[in-house]
Amino acid sequence: MTYSAIWISSLTAATAVLASWVTSRGTARAAQIQANAVERTQRTVRVSEARRSAYVSLIEQAHKMAELYWEITDIHGSSDSRTDQVPALKEVRANRREEYGKLRHFIWVINLEGPDDVATAAENLRLTTRPPYRALEASIAGEANASAAFDQCYDPFWQSVLTFVSTARSAVHDL
């Protein structure tokens, strides 16, 4: 009888140790899965916040560029003679160059942050800033139809801003 009691107690102890080991392995695996899930969630949140910040910065900068374009249109529409407009246009050109540098910086950030369709929309926005700049240069140089050419450049620029906003909105919501 004592022999079977020792055997049963040994078997019970071994079963308890094995059950404890299996439970600890399961708990450790569950903790690892939970840690991985938290890490993925935090990474997704960080990426989303970084992208959103980059997108908002570019949109704000595009609005600043638009304000400069409106200022140029106002100068073109003023009653001042063309020679009186040139200093004002040169001042706006200097401001535009500074603001363009900021715009380009935000586009580089978006190229890094992605996704590709948003980076492409940002690059297209950048490309639409070239024709207004060329028209501004032509206006300063005294070309006859430069102000009309400048006015025709605004709509493509603004359409590229709207396209970027739409693309960025989709990217933010798809995360």
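**Entry 1: terms and model**

I take axes to be lines fitted to C-alpha atoms, for helices over the stretch in contact, with angles running from 0 to 180 degrees between N-to-C directions. I note that helices (H or I, at least four residues) and strands (E, at least two) are DSSP runs, numbered from the N terminus. The model is predicted, with local features needing pLDDT of at least 70 and side-chain atom pairs counting only at pLDDT 80 or more, while totals for chains, interfaces and linings use all residues. Residues are numbered from 1 along each chain as its sequence is written, and side-chain values use heavy atoms, with hydrogens and water left out.

**Entry 2: H4 and H5**

I looked up how H4 and H5 pack. Their axes come within 8 Å and cross at roughly 165°. H4 and H5 are therefore roughly antiparallel to each other; angles under 35 degrees count as roughly parallel, over 145 as roughly antiparallel, 65 to 115 as roughly perpendicular and the rest as oblique. The crossing of H4 and H5 is left-handed, that is, the near helix is turned anticlockwise from the far one by less than a right angle, whereas clockwise would be right-handed.

I then listed the contact (heavy atoms within 4.5 Å). From H4 come Pro131, Pro132, Ala135, Leu136, Ala138 and Ser139, and from H5 come Ala146, Ala149, Phe150 and Cys153. The contact of H4 with H5 has nine nonpolar, one polar and no charged residues. For these classes, Ala, Val, Leu, Ile, Met, Phe, Trp, Tyr, Cys and Pro count as nonpolar, Asp, Glu, Lys and Arg as charged, and the others, Gly among them, as polar.

I compared each helix with its expected span, which is 1.5 Å times one less than its number of residues. H4 has 12 residues and reaches 17 Å between its first and last C-alpha, close to the expected 16 Å. H5 (residues 146-174) has 29 residues and reaches 43 Å, close to the expected 42 Å.

For burial I used relative accessible area (buried under 20%, exposed over 50%, partly exposed in between, with a 1.4 Å probe and protein chains only). The buried residues of H4 are Pro132, Ala135, Leu136, Ala138, Ser139 and Ile140. Those of H5 include Ala146, Phe150, Cys153, Tyr154 and Phe157. Just after H4, I found glycine 142 with a positive phi of about 95°.

**Entry 3: H2 with H4**

I turned next to H2. Its 32 residues should span 46 Å at 1.5 Å a residue, and its end C-alpha atoms are 44 Å apart, which agrees. The axes of H2 and H4 (residues 130-141) come within 9 Å and cross at roughly 150°. H2 and H4 are therefore roughly antiparallel to each other, and H2 passes H4 in a left-handed crossing. Arg82, Val86, Leu89, Lys90, Arg93, Arg96 and Arg97 of H2 make the contact with Tyr133, Leu136, Glu137, Ser139, Ile140 and Ala141 of H4. By class, the contact of H2 with H4 has six nonpolar, one polar and six charged residues.

**Entry 4: H2 with H3**

What joins H2 to H3? I found proline 115 in the loop between H2 and H3. The peptide bond from glycine 114 to proline 115 is cis, with omega near -10°. Glycine 114 follows H2 and has a positive phi, near 75°.

The axes of H2 (residues 82-113) and H3 (residues 116-127) come within 9 Å and cross at roughly 165°. H2 and H3 are therefore roughly antiparallel to each other, and their crossing is left-handed. Tyr100, Leu103, Arg104, Ile107, Ile110 and Asn111 in H2 meet Val118, Ala119, Ala122, Glu123, Leu125 and Arg126 in H3. I count the classes of the contact of H2 with H3 as eight nonpolar, one polar and three charged.

**Entry 5: single residues**

I examined valine 92, which is found in H2. At 1% relative accessibility, valine 92 counts as buried. Leaving out residues up to four places away in sequence, valine 92 touches Leu68, Glu71, Ile72 and Ile75. Valine 92 and leucine 68 are 24 residues apart in sequence and 6.8 Å apart in space, C-alpha to C-alpha.

Is glutamate 99, also looked up, buried or exposed? Glutamate 99 lies in H2, and at 15% relative accessibility it counts as buried. With residues up to four places away in sequence set aside, glutamate 99 touches Gln61, Lys64, Met65 and Leu68.

Lastly, I looked up isoleucine 6, whose place is in H1 (residues 2-77). At 54% relative accessibility, isoleucine 6 counts as exposed. Isoleucine 6 and threonine 120 are 114 residues apart in sequence and 76 Å apart in space, C-alpha to C-alpha.
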